Amino acid sequence: MTESANPGAAGLNVDATTLLGGGSLGRQAIVTGIAIVLGLLIGAVLIVLSGVIGPAQSFDPTLPIAGYAALLEGALGGPKAIANTLNSATPLIFTGLSVAFGFRAGLFNIGANGQLLVGGFCAAIVGTSVALPFPLAAIVAILAGGLGGALWGFIPGALKAWRGAHEVVTTIMLNSIAFLLLNLLASSIFKDQGATFPRTPDVLPGSVLPIILVNTRLHAGILIALATTFVVWFLLFKTTLGFEIRTVGANASAARYAGMRPAFITILTMSLAGALAGLGGTVEILGITKNYPAEYIVNFGFDGIAVALLGRAHPFGVVGAALLFGVMRAGAGAMQRATDIPVDIISIVQAVILLFVAAQIIIQQLLPAARPKGPVEPSAAAA
Amino acid sequence: MAEVPPNLPHPNQPGEPAPGPISAAAGNPETAAADQAAGGTTVDPAIAARATAPALEMRAISKRFPGVVANDHIDLSIRPGEIHALLGENGAGKSTLMNILYGLLSPDEGEILLDGAVVEISSPSDAIARGIGMVHQHFKLVPVFSVAENIVLGNETMANAVFLDVRRSEGRIRALSQQLGFEIDPEAMVGDLSVGIQQRIEILKALYRGAKVLILDEPTAVLTPQETSEIFLVLRRLAGEGTSIVFISHKLNEVLEIADRITVIRRGRVVGQADPKTATEESLAEMMVGREVSLVVDKGPASPGEAVLTVEDLTVADDRGSIVVAGASFGVRAGEIFGLAGVAGNGQEELVEAINGLRKVTSGRVVLGGHDVTNDSSRSLSERGVAYIPGDRQRFGLVLPYPIEDNLVLTEYYHAPFSRFGVINERAISKRASELISQYDIRTPSGGLPASTLSGGNQQKVIVAREFSRDLVLLVADQPTRGIDVGSIEFIHRQIVAKRDAGIAVLLVSAELDEVLELSDRIGIMYRGQLVAILDASTAEKETIGLIMATGRAEVPA
């Protein structure tokens, strides 16, 4: 039979899982490293071009060096800068984990943004109403945020498992529903009457995530993110549940044969992915904004897709990718102030890096060491 | 824009009505085929003259992978117009050698000569340009494309250098397929065609691009016996036209039937050449495996006990919802092998899937050891001691990207010692895996490698090792030896008989009638979803079973 005979590998699931199969961790790291270098090189060309067409109208080949130096200085030069970088990376770790977790089960979670909003909103509401001392109130609010996100992930999971609705479509729609619904709630029932702009009331002090580095804005969210990363890694690679999740992602038919329940795993995975994204919203609300503003426009969920791709859907890779994005985000402003290079260049660099990661075959052509090796029989290679 | 590079003289110029050797033979195919079938003694003098110089030579080819020497100084020479069989066990290095020839792998040492000149083949397109065509075991066809679109894919005929000229391609393909005696409609959708026809499309694709050396990787593995004899006629005819054919197989009878010469490979080395006129299946098996192989299943009489599996009036639908098992009833007793024979597609696969909880039972009952297990989950059946060797191993039996180790515990990972309180114990899994790898002779440098790196036969051994090592009550084996070599077949057959002798009920399904006949104690025959006959294997005659398989009745219909 032709290769399409496997109905378990149809549609977008192929895309989700082929992102994972790229040989050994070492080779993946090489490919990713090259992608980053290529992204920075192409970024450098664009920076020079931006100098030519920008206000200065000068051709300055050293501009990229100055720009990247300013970026690094802005992102890593001193405790305040590092604090900003880590704070920027924190929600991306959560959404990256959320998307990566879905990838492992063959699910494309485009809905991390909506799940993050719902989680953040739930945490904000619980945080304003639970009058307990610090760790207790915060724990309750964090749990509420995780549960809110889980609910928003459960819906597409259940729709997929029970009705066969594709999660890409449903999660995209649920993003809009979450944004508009929470807008409405934050500017009506839950509105802080004293505030100029519509938003929920500030959370009570017991729910606020404490600053963990004096004289900076670094809050405890990064610690929660790192702990969560470890939990996700353990769950995926060291438990029977993780084995089942990965098996469903790699070959749903074989999972069924082995007595696993793909429908249940799909629902569970989407719920947990939602919880992860919801935690991202939670730490952002409890650590930074302290309330849920109406028109809360954030892009963490979509950047999370990029982070998960760059991190090869591995929890530790996600942390690395989120930190890289954090550096770029936190440093981009400093770069613009110091050199007049537009911030958007950094978005382009990020996009180019992703492009090379996604199209890793280009890198494999350039570098033989990055090519897959091993005794591959045609019957196996065809699979 | 020419489909065949002009520097490659080849009789099979598509769409060219010129009187080449192929059109001469096409006008008279019966004679050509008959000559060849009679032993190939009458050979075209032109071919005989050329036969002294090899069309293709591979000299001292070596290829190493981490932990294995896949090819160790292999020499192979193919004469023009010869069918050369490459025989060897799974993982012996046949496919590696052919992948080198086809430019998919580059050799560490050695050289390839085409028509006497050293050539470097660095990619499949290189190989195609030099007139080497390959038909893979798993076809590389796009099911939603037409036959013509598949054949021209990557080599399209253009109109005005902009648009596809499908009409012109179709004309050429129709002409070529008529010359070869294929009845293929170039406009048909490939996904609608049978496996046998799809294979012809692959052959046509290679010839359309001007192949004069055709590599066929286990071409009969996916074919019915009828399709096999048809493809043999085609190969004979092609060889008669001067096309050299490399026929990779581990099926001894087929190799003896089709090949002009046989090269046997074992563990990466050429162990010898054999002449099909003098060689026997036994002698070839011994060369291939390196020891004496029993080709006959050695088993004593069964001593059946109580019924373990009882299937009552079972009705099952296929994925499209049409009833494919219509009221089947039978029982399998402890200590007996019940074989299900039938032409593929008569409901065997769906029946077995339903028994194993992978397909919903529409009506009827499945009873296991006194318990009604109709529509029970695979997990609960597995807990009751049912092991299942699935017919489609890459779809159901294995998770190809997973390490071999994980695949070896795929149905037991949730049990101690492989996990405790939901946490996986990697050491216990590795230990079990290395035991099974040595016990079942799974050829791999490491259990940590992905299952996709194994050859087909070794993949099958992984499934067999896993399922046989559990505590069993009932063993359901669907095509347990499909695509694997004699040495492994012998081993798996012995294991199945040993399970029977240990008092386990065995339900065997196989497309190989010989396998069903040799292993089974009783034989049930499926025809159009019904179990039309149950025979005692010791008295059943092959001809009778074949007749019932074909017609559903024991007598020839009037």
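Two strands are said to pair if DSSP finds at least two bridges between them. Strands themselves are DSSP runs of E with at least two residues, helices are runs of H or I with at least four, and both are numbered from the N terminus. With those terms in hand, consider strand β21 (residues 474-478) of chain B, which five bridges join to strand β22 (residues 505-509) of chain B. These two strands run parallel, and B:Val476 stands opposite B:Leu507 in β22(B).

Before I continue, a word on the source. This is a predicted model, in which local features need pLDDT of at least 70 and side-chain atom pairs count only at pLDDT 80 or more, while totals for chains, interfaces and linings use all residues. Residues are numbered from 1 along each chain as its sequence is written, and chains are lettered from A and ligands numbered from 1 in the order in which they are written.

Let us return to the sheet. β21 and β22 belong to an open sheet of six strands in chain B, in the order β18-β21-β22-β15-β23-β24, with mixed pairing. Its edge strands, each pairing on one side only, are β18 (386-389) and β24 (530-536) of chain B. From one strand to the next, the twist averages 15°. Helix α20 (residues 542-551) of chain B packs on this sheet and touches β15 (337-341), β23 (522-527) and β24 of chain B. Here, contact requires that the C-beta atoms of two residues, placed from the backbone, lie within 7 Å. The direction of α20(B) makes about 25° with that of β23(B); axes are lines fitted to C-alpha atoms, for helices over the stretch in contact, and angles run from 0 to 180 degrees between N-to-C directions.

How many helices and strands does each chain have? Chain B comes to 20 helices and 24 strands, whereas chain A comes to 16 helices and zero strands. A residue is buried if 20 or more other C-beta atoms, placed from the backbone, lie within 10 Å of its own, exposed if 12 or fewer do, and partly exposed in between. By that rule, 49% of the 558 residues of chain B are buried, and 54% of the 383 residues of chain A.

I turn next to helix α8 (residues 195-208) of chain B. The expected span of a helix is 1.5 Å times one less than its number of residues. For the 14 residues of α8(B) this gives 20 Å, in agreement with end C-alpha atoms that are 20 Å apart. Because 11 of the 14 residues are buried, α8(B) is largely enclosed by the rest of the structure. Among the buried residues are B:Ile201, B:Leu204 and B:Tyr208. The cover over them includes β6 (132-135), α7 (166-179) and α9 (225-240) of chain B. After α8(B) comes B:Gly210, with a positive phi near 85°.

Finally, chain A. How do helix α8 (residues 221-238) and helix α9 (residues 240-250) of chain A cross, and at what angle? Their axes come within 5 Å and cross at roughly 75°. The two helices are therefore roughly perpendicular, a label for angles of 65 to 115 degrees; those under 35 count as roughly parallel, those over 145 as roughly antiparallel and the rest as oblique. At the contact, residues including A:Leu235 and A:Phe237 in α8(A) meet residues including A:Leu241 and A:Ile245 in α9(A).
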